[in-house]
Amino acid sequence: MQDDQKNTTHFGFKEIPADEKVQAVAQVFHSVAAKYDIMNDLMSGGVHRLWKRHTISQSGVRAGNKVLDIAGGTGDLTLKFSRLVGREGQVILADINDSMLKVGRDKLANQGVVGNVKFVQANAEELPFPDNTFDCITIAFGLRNVTDKSKALASMYRVLKPGGRLLVLEFSKPESEVLSKIYDQYSFRLLPAMGKLIANDADSYRYLAESIRMHPDQETLKSMMEEVGFERSSYQNLTGGIVALHKGFKF
């Protein structure tokens, strides 16, 4: 959480000036972009695909809708949404990191996804879209990297249409103490080692593990969503709470 008096925020377990976090996070994702998909598969044993598929199933997205996929990275959700919204709909893949956007754009083009997808470099805290634009907004594994999460959630609320929904898929707090201990060992020992071996970058994956621990727990994030206006906010724990899917509506 940001400290207003010192104007600092956390970057993993470190405290840094708040105005330096965007650049620090950007450097991490510039470094990991090229190996992002293969590392996701290795780190999760492919389970991230099931988490994302479940998110799609909870989106309510249908033909003709307009969808915003924030921190859309390499385009896993955008790919599925583009097929759901059809020719009359539109999906905007937004990411603050141009390296991730380039990887996503190339990946989707290679799979024939053109026409109803647009790519926008954008900061989640200041989304460059008019009020009441989108039927559905998703942010998968991106909110924990945002400096001011409440500001980002308020920005998402502003650009969502009345009747629209927000889905936040993010690493969270395991439900059991035993699972939490196993997860800690995995995160702080194996992940950096895998990052070093596959992406030649242990430090970025150490940061990603630390950023998960600094992210608000399930109930705190639910409260943060309600504070900026979301209604009928709820969450569902996946894989024992290692990941949670938060949902909120704008009425």
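Predicted model: local features only at pLDDT ≥ 70, side-chain atom pairs only at ≥ 80, totals over all residues.
Which residues are exposed on the other side of α3?

Helix α3 spans residues 47-57, and its buried residues are His48, Trp51, Lys52, Thr55 and Ile56. Viewed down the axis of α3, these buried residues fall within an arc of 140 degrees, so they line one face of the helix. Arg53 and Ser57 are the exposed residues on the other side of α3. The packing partners of the buried residues of α3 include two helices, α2 and α4. Three strands are also packed against by these residues, namely β7 (160-171), β8 (231-238) and β9 (243-249).

Rolling a probe the size of a water molecule over the atoms shows where empty space is left. The space in the largest cavity amounts to about 450 Å³. Its lining consists of 32 residues, and those nearest the centre of the cavity are Ala71, Asp95, Phe141, Gly142 and Asn145. Two or more lining residues are given by each of the helices α1 (21-32), α2 (36-44) and α4 (76-85), and by each of the strands β3 (66-70), β4 (90-95) and β6 (134-140). Helix α1 provides the largest share of the lining, with four residues. Sorted by class, the lining of the largest cavity comprises 17 nonpolar, 10 polar and five charged residues.

Notes
Residues numbered from 1 in each chain as written. Heavy atoms only, no water. 1 Å grid on protein atoms, 1.4 Å probe; cavity = no way out; pocket = protein on both sides within 12 Å on 5 of 7 lines; lining within 4 Å. Points joined across faces, edges and corners; volume = space filled by probe spheres on them. Nonpolar A, V, L, I, M, F, W, Y, C, P; charged D, E, K, R; others polar. Buried < 20%, exposed > 50% of the residue type's maximum accessible area, 1.4 Å probe, protein only. Arc of directions from axis to C-beta. Contact = heavy atoms within 4.5 Å.
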